[in-house]
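Here's a quick walk through the backbone geometry and the chain contact of this complex. Keep the viewer open while you read.

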Amino acid sequence: MDPTSLIPAPDTIPAPAWLFQVLNIFTFMIHILFVNVVIGGSLIMLFSRLTRKDETLDQSMNGTIAGKIPTTFALAINFGVAPLLFVQVLYGHFIYSSSIFMAVFWISIIPLLIIAYYAAYIHVKKYSASKTLSMASLLAMSAIVLYIAFVFTNNMTLMVQPEKWSAYFTNRSGTILNVSDATFLPRYLHFIVASVAVAGMLMSIVWYIRDRRGTKGMEDKINSGLKIFAIATCVQVVIGFWFLLAIPSDFILAFMGRNLFYTIVLFAGILLAIGAIISAFLGKLIPSVIHLVAVVAAMVITRANLRSLYLSDVFSLNDLQLSPQYGVMALFFIVFAIGLVSVWIMLKIANQVAERRTV
Amino acid sequence: MNYPIWEITTFGGGSLIALISVLHVYISHLAVGGGAFLWLTDLKGFRDNNPAIHDYVRKHTWFFLLLTMVFGGLTGVGIWFIIALVQPAATSSLIHAFVFGWAIEWVFFLGEITALLVYHYQFDKLGRKNRLLIAFLYFLFAWLSLVIINGILSFMLTPGQWLKTQNFWDGFFNPTYFPSLFFRSSVAAMIAGLFGYVTVVFLKTGDFRDQMLKYCSKWLLYPMAGVVLFGIWYYFAVPADIRQTAFSLNPQTGPFVIILFVASVLIFLAGIYFSVKSRPSVQKAVTFVLVIIGLLWMGGFEYLREIARKPYVINQFMYSTSVKQSDVSLLDTEGVLTHARWSAVKAITPENQVEAGRELFNLQCLSCHTVNGIRNDIVARTVEYPYMGIMALLDGQGKVMTYMPPFMGTAAERKALASYIVTELNDNAILEEPEPYALHPWEDVDIPAYNKKKDQYLLLAWNDLGMHCLSDADAWFVILPPANTIEAQLIKRGPVPEIVSDGVQLSYAVQKGFENPSAHVDFWKYSKLTFGVQLEENVGLGGLGMNGDMVWEDDLGGFIAKMIPVVPYPDEGAYNPFPAFTIEAKDAESGEILASTRVVAPVSTEFGCRNCHGGEWRWKGVSGMTDETAIRILEVHDRINGTDLLAQAEDGKPRLCQECHADPAVGAEGKPDVLNFSAAMHGWHANYMVFDGAAACAMCHPANLKGNTRCARGIHSKVDVTCIDCHGTLQEHALGLLRGEEAKPSAKRLMANLTSKQVESVDEINPRIPWLKEPDCLNCHVDFEKPEPGASGYNQWTEGPEELYRIRTDNAGIRCPACHGSTHAEYPASNAYSPLHDNIQPLQYTGHPYPIGANMKCEACHIIKMEDPIHHENMMRVMRNPVH
């Protein structure tokens, strides 16, 4: 069966595709940073609790991050909505199909996320009161977020490979996965290890802020967070090359000069990652953070480029028909601006209070 | 057609959507109303300078955050996930039509969670001004998210001008936008009060707790006025046709209407209850129950709104089956399978019929129906129907009962789907047409003696209708009772013959073996209930038994015996729909027999109901209606019309259909707003009929050429003139009847999908009254001549009963059927049981089976040859259609 005959016809889009792609990449970047913190944070806390017993929350490393996880969870979900919306606008005909193939796993994300979210609260609220409950919650949360990442990796790889879609004709019950794909494992690990790195970085940032507000003895801690980041990022470089080599050779060539833009972005990302590792080992937080953000930006764009390569035979964003709604688009940007200002004002109010307290 | 289909056959994708949505909608309304509740309650704390209130707000906020932000937020994402899995095409349409609406919604969501988190985490540290500001911002963002989502939700029900313009704002500010917004805002406030109790009942007992309970009651009760008022506005803002489909036609709405009303009353009573003192433990229990009732209320409302949209997912744009309305005609002509990207079968062959059916089932049924599942189970709904019934249901789907989409696709695809449902899902056998009846012709028929030379009288007798049916399901309902009417004219022979009315006594007697109909049918058990008279066994509604005297009627110019209760079941032997009566004319004074003949009283119980409704034949497996069939018919009637006929029948009180449905055939006036019986039956079933031409008629009437009656036995049937040449096709026939009832609302619905090729527009069809306005023979036989090729009797009705063939006379006062035979058995008739049987009198008097006097056999009555065609024009000729 010709796989292209299976690809659904897309609907028209109300603004140019590039605009949605920019919004998609921008919001996804924020989303993925929050997600990294939740997943990496869970794993670090789990590791810490398994290796260092009998510490109270305040004493432990977990104290810096456990209380932040529920809030980060909320923001990760919120910032997941936007890119999921924009990706549906551009690639809905692919992602709806692949989601249906794994419908059972895909919909299981929702109840599991609810459990994980509550577990994040229970973990921190019951940290001292009930070690067992707290630990069980942490385990549940960690397992769930790893599982969700697993499902997402399946979906993101299957949506761009229509040639595998005929599997539907032998299994329509919504339980198709894509684990046998050569890129599956490196892609999954590339994401999990990145999460550990970002969570390590966040811990450093938290300690840095405390340091700035006058808490003593933060310097070592800042460095320990940076160390987690640096080591994880070293591993990440290796996995990244594994991932690169796992993709079809045509695509590798595209990233190796055949497509100049793709090549520049990827190598910029790699170089920035090396820069981040170096500055982290040197204990320089601010440059490391800047490097990290730049690396994530480059890698998120590379991710989008890889998607375009996968789909290049069957679809290009230019194929989408435009039926403009510029008035509503303008309204969105106005609302977006007002929304961001409101958020900024609220955070400022909250921050003033926090500063007042520490002073 | 565009996307793969998740085969979730038992639980059903729709159930998953419903489950997630109802939970989400409940909590999301709390998120909006609760925002105002937090803000205003906190404000009240400041105004009253009451720290206890702040303390309560702090606790409530934590509960509120855990419920709305975590559970509410994620179930919201969950709806999005599940609709994309179950209704990807509609989701894609909504996403693409309203991208920026969704994006704005997301911004508000971001503002909402930021505000709530700041409010919760910094509650004690924020000053009055900032805390109230943050609380207000939370409420504002939450309500604004309702402002957005309300536009999209109400769009799905009433897309309004968007259908023409595809303009964002036309869709957004659609006809139900504002009523829905005000309604939902009121609901949100009400639910805020409801959930206020949840935290208040856990406060320490005392004055403050009581005060807060009363406070929550105000939140619960005051907005209820808005819920009611805006609810009414909302209801009437929905176009009337949608309301009719949802609330009159769709039986699914019933339970949800009840849930909504009962839950409303209970919520109101709970508000009153919490305003008075009570024991804390009881209050906690009531609160727990109230939260559940609130969920039921919300579920009831949302279900109604969803059901109101049926058969669409986006009204008048996309069906629940993900097919755009604009694509239907293409799919009907080119087929669904060729256009369905994800169908494994593209062309139907005899081998892949069932597999193709499965694809069609997935494409057209699975979005609403489960297989042996909990919601709209297809097996429960279809297992009783045989193949022809399933075909009929598919054909009629969406035409009258507009809450289902029409079946889309070619005739071959419909057969494939029906085959899949019947064989694969229901494990039944396929029978494509009614089972043939092994009819054994009779060996011979006696022709009564007659001496042309000596006999002075000619006795002509006939049955008034040519076929009388009886429904034979007396324990359940009566359509027609056993009631055959026989008429006769006695002619005194001579150069100028006379019609004899005085000084003679005519009598009738049924053929041996048929004297005891009450042994075979239950009519007499129920006649008091169905006809209001307790009849003696074997006595009919005209007071006549199986033999007796005929009476002279001036109006008819002949003798008549009305409503003799003959049935086609003899005491011994085979089914016989043509029992004969012996008619004798005697001199009233001397008792001398003047003339004697035999006449057929055609009576059939071959009601084709079972062809589609299922069930077996009742009498010896040959004819008549079983309880099974009758019950199924009543079930359908009750479901569609909201009656309780089955329950009444089970209670021993069967009804006469014509109590409600007027019918000249039984002299019933019926109920004023209910369609007359013929219009209802033909109008309804014409919408579900898969057979064309006379085969359609034979699905119900005893005219099946392979059936046990084969009623159409007149000369017309020999020269290929079928039912439709006089009556029109079933659709045309129904249209004539419905036009006669056009003032009644249901007539319009039944007519909406019926067409006629004989007229330009349905308005040209002349209204008719069943039984009284019929096609006139002279429509085709103009001036009694041979009809022109292609002549049709349709759409020119007799003015009234006096013009009917069965009533009319020639110029000499002889009734038409006296010489030509009964309708549907016109001489020379050819009864399948015996070629002679329906021609007894012509054979008796003239030796041939042609009309009395045909082939210029004037001497039959006149004794001598005559010269003028005095009876009617064009009669002095040789029979055009000789029989050998």
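## A hairpin and its sheet

Start in chain B, where β12(B) and β13(B) make a hairpin with five residues between them, and Gly591(B) in the turn has a positive phi of about 80°. Everything here comes from a predicted model, so read the angles with that in mind.

Most residues other than glycine have a negative phi, and most peptide bonds are trans.

| Site | Feature | Value |
|---|---|---|
| Lys310(B) to Pro311(B) | cis peptide bond | omega near 10° |
| Tyr827(B) to Pro828(B) | cis peptide bond | omega near -5° |
| Trp771(B) | positive phi, not a glycine | phi near 70° |

Where do they fall? Pro311(B) is in the loop between α12 (280–308) and β1 (312–314) of chain B. Pro828(B) belongs to the loop between α30 (816–820) and α31 (840–846) of chain B. As for Trp771(B), look in the loop that runs between α28 (745–751) and α29 (777–780) of chain B.

## A kinked helix in chain A

Over in chain A, helix α4 covers residues 103–125. A kink of about 30° lies in α4(A) at Ile110(A), shortly before the proline Pro111(A). What about the end-to-end span of this helix? At 1.5 Å a residue, its 23 residues should span 33 Å, and because the end C-alpha atoms are 34 Å apart, the two values agree.

## Where the chains meet

The contact takes 51 residues from chain A and 48 residues from chain B. On the side of chain B that touches chain A, the elements giving two or more residues are α2 (51–86), α3 (88–97), α4 (99–121) and α5 (128–157) of chain B. Which of them gives the largest share? That is α4(B), with 15 residues. By residue type, this side of chain B divides into 35 nonpolar, 10 polar and three charged residues.

## How confident is the predictor?

For the complex, the predictor gives an ipTM of 0.95 and a pTM of 0.90. Chain B averages a pLDDT of 94, with 100% of the residues scoring at least 70. Chain A has a mean pLDDT of 92, and 95% of its residues reach 70 or more. Within chain A, confidence is lowest in helix α2 (residues 62–65), at a mean of 75, and highest in helix α10 (residues 285–311), at 96.

Notes: Residues are numbered from 1 along each chain as its sequence is written. Chains are lettered from A and ligands numbered from 1 in the order in which they are written. This is a predicted model: local features need pLDDT of at least 70, side-chain atom pairs count only at pLDDT 80 or more; totals for chains, interfaces and linings use all residues. Helices (H or I, at least four residues) and strands (E, at least two) are DSSP runs, numbered from the N terminus. The expected span of a helix is 1.5 Å times one less than its number of residues. The bend at a residue is the angle between axes fitted to the seven residues ending there and the seven starting there. Two residues are in contact if their C-beta atoms, placed from the backbone, lie within 7 Å. Ala, Val, Leu, Ile, Met, Phe, Trp, Tyr, Cys and Pro count as nonpolar, Asp, Glu, Lys and Arg as charged, and the others, Gly among them, as polar. pLDDT is the predictor's confidence in each residue, from 0 to 100. Two strands pair if DSSP finds at least two bridges between them.
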